[in-house]
Amino acid sequence: LLGPLYHLPVRAERVTAWREAARVVRPGGVVVGATISRFASLLDGFVWDYFSDPRFRPLVERALADGVHHNTDADRTWFTSAYFHHPDELAAEVTEAGLLLLRRIAVEGPLWMTGARLPESLADPGRTDLLLEMLRAVEDEPSLLGASSHLLTVAFVPHR
């Protein structure tokens, strides 16, 4: 499910997508869902200075309140209308669909916010190894999940 979950603003539709994925996977098989973090637009707004446009703040406030990022401006440069998950709600959707949760993983981790400095860190292979090692150590740390713009939720189909 690498895309559809954030285009389904209604919870029942997201659970249906999880359930359909579970239906077509063999017992014991893995289902992976990609989602956008509830806090992505807030963080992007500061990184990319979107808050300088007064139309952006209401989008962020709504996304923070209910997860719905509703972008109706025709000339928008921001992300399309979508659903942004709170990291804590993923387990319930997976469970309701009949899957068993294995992990929730931060895709970018908090280092994506370093912006222009990240390439500096990646220029040195030793530093890249350190960076990846440290990120792997915290990629599923619950208190950091919301600092990543994207999350992967890994679940499996129970043996029936």
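Visitor: How many bridges join S1 to S5, and do the two run parallel or antiparallel?
Guide: Strand S1 (residues 30-37) and strand S5 (residues 150-156) run antiparallel, and 7 bridges join them; strands here are DSSP runs of E with at least two residues, and helices are runs of H or I with at least four, numbered from the N terminus. This is a predicted model, in which local features need pLDDT of at least 70 and side-chain atom pairs count only at pLDDT 80 or more, while totals for chains, interfaces and linings use all residues. Residues are numbered from 1 along each chain as its sequence is written, and side-chain values use heavy atoms, with hydrogens and water left out.

Visitor: Which residue in S5 does Thr35 stand opposite?
Guide: Thr35 stands opposite Leu151.

Visitor: And what order do the strands take in the sheet?
Guide: The order is S2-S3-S1-S5-S4, an open sheet of 5 strands with mixed pairing, where a pair needs at least two DSSP bridges. Strand S2 (68-69) and strand S4 (100-106) each have a single partner strand, so they stand at the edges with one side left without a neighbour in the sheet.

Visitor: Switching to H1, which residues are buried?
Guide: Arg14, Val15, Ala17, Trp18, Ala21 and Ala22 are buried in H1, meaning under 20% relative accessible area, with exposed over 50% and partly exposed in between (1.4 Å probe, protein chains only). They lie on the same side of H1, because they cover an arc of only 155 degrees around the axis, taken from the directions from the helix axis to the C-beta atoms.

Visitor: Which exposed residues does the face turned away carry?
Guide: That face of H1 carries Ala12, Arg23 and Val24.
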